[in-house]
Amino acid sequence: MTTFDDREAAYEAKFVHDAEMEFLAQASRNKHIAFWAAALLGKTAEQAVRYAKDIIRVDLEEGGEESVVAKLMEDLGDARPEERVRERMAEFLADARERAAKGEIRSVL
């Protein structure tokens, strides 16, 4: 292998690692926002876990953050304004990215 090949392989490995960390961070954000919303909706612990799985599924199957916000707003109704939901999601994502960078997130559920 040449030096160029080594650099290319290292870059590809870093890209894959960064993508995995971002995926874990976003899934963690979804789990935490779901637990937050579940508490507002008065769900039991078992219902909250199912709700978190549903929110993660919405993100994966229906197109990301905007779909998650739409689902949360539909479920929460007037309980919280959309701006507050987005603020909490941003807070949870920032925290999840920090934890992912430290290697504290290995799986989501």
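**Briefing: helices, buried faces and salt bridges**

Glutamate 87 has its place in helix 4, where helices (H or I, at least four residues) and strands (E, at least two) are DSSP runs numbered from the N terminus. This is a predicted model, in which local features need pLDDT of at least 70 and side-chain atom pairs count only at pLDDT 80 or more, while totals for chains, interfaces and linings use all residues. Residues are numbered from 1 along each chain as its sequence is written, and side-chain values use heavy atoms, with hydrogens and water left out.

- Between glutamate 87 and arginine 106, which are 19 residues apart along the chain, the C-alpha atoms are separated by 25 Å.
- Helix 4 covers residues 82-101, and its 20 residues should span 28 Å at 1.5 Å a residue, which agrees with the 28 Å that separates its end C-alpha atoms; the expected span of a helix is taken as 1.5 Å times one less than its number of residues.
- Glycine 103 follows helix 4 and has a positive phi, near 80 degrees.

- The buried residues of helix 4 are Val85, Arg88, Met89, Phe92, Leu93, Ala96, Arg99 and Ala100.
- Seen down the axis of helix 4, these buried residues fall within an arc of 140 degrees, so they line one face of the helix; the arc is that of the directions from the helix axis to the C-beta atoms.
- The buried residues of helix 4 pack against helix 1 (3-40) and helix 3 (65-76), with contact meaning heavy atoms within 4.5 Å.
- On the face of helix 4 that is turned away from its buried side, the exposed residues are Glu83 and Ala101.

- Serine 28 lies in helix 1 and counts as buried because its relative accessible area is 3%.
- Not counting residues up to four places away in sequence, serine 28 touches Ala96, Arg99, Ile105 and Val108, and of these Ala96 and Arg99 are among the buried residues of helix 4.
- Phenylalanine 15 is also found in helix 1, but this residue is exposed, with a relative accessible area of 54%.
- Tyr11, Phe15 and Val16 make a nonpolar surface patch of about 360 Å². Patches are made of residues with over 30% relative accessible area and no salt bridge, with like charges joined within 9 Å and nonpolar side chains (Val, Leu, Ile, Met, Phe, Trp, Tyr) within 5 Å, and accessible areas come from the Shrake-Rupley method with a 1.4 Å probe, where for residues only the protein chains shown count as cover.
- Threonine 44 is found in the loop between helix 1 and helix 2, and its relative accessibility of 42% makes it partly exposed.
- The C-alpha atoms of threonine 44 and threonine 3 are separated by 56 Å, the two residues being 41 residues apart along the chain.

**Salt bridges**

- A salt bridge is a side-chain nitrogen of Lys or Arg within 4 Å of a carboxyl oxygen of Asp or Glu, and by this rule the count comes to 16 salt bridges.
- In helix 4, arginine 86 and glutamate 82 lie four residues apart, about one turn of the helix, and they form a salt bridge in which the closest N and O atoms are 2.9 Å apart. Arginine 86 is partly exposed at 28% relative accessibility, and glutamate 82 is partly exposed with a relative accessible area of 37%.
- In helix 2 (residues 45-62), aspartate 54 and arginine 57 lie three residues apart, about one turn of the helix, and their side chains meet in a salt bridge of 2.7 Å, N to O. Aspartate 54 is partly exposed, with a relative accessible area of 22%, as is arginine 57 with 33%.
- Arginine 84 forms a salt bridge with glutamate 91, with the closest N and O atoms 3.8 Å apart. Arginine 84 counts as partly exposed at 30% relative accessibility, and glutamate 91 is partly exposed with a relative accessible area of 39%.
- Salt bridges that share partners join Asp54, Arg57, Glu61, Glu62, Lys71 and Asp75 into one network.

Note on methods. Buried < 20%, exposed > 50% of the residue type's maximum accessible area, 1.4 Å probe, protein only.
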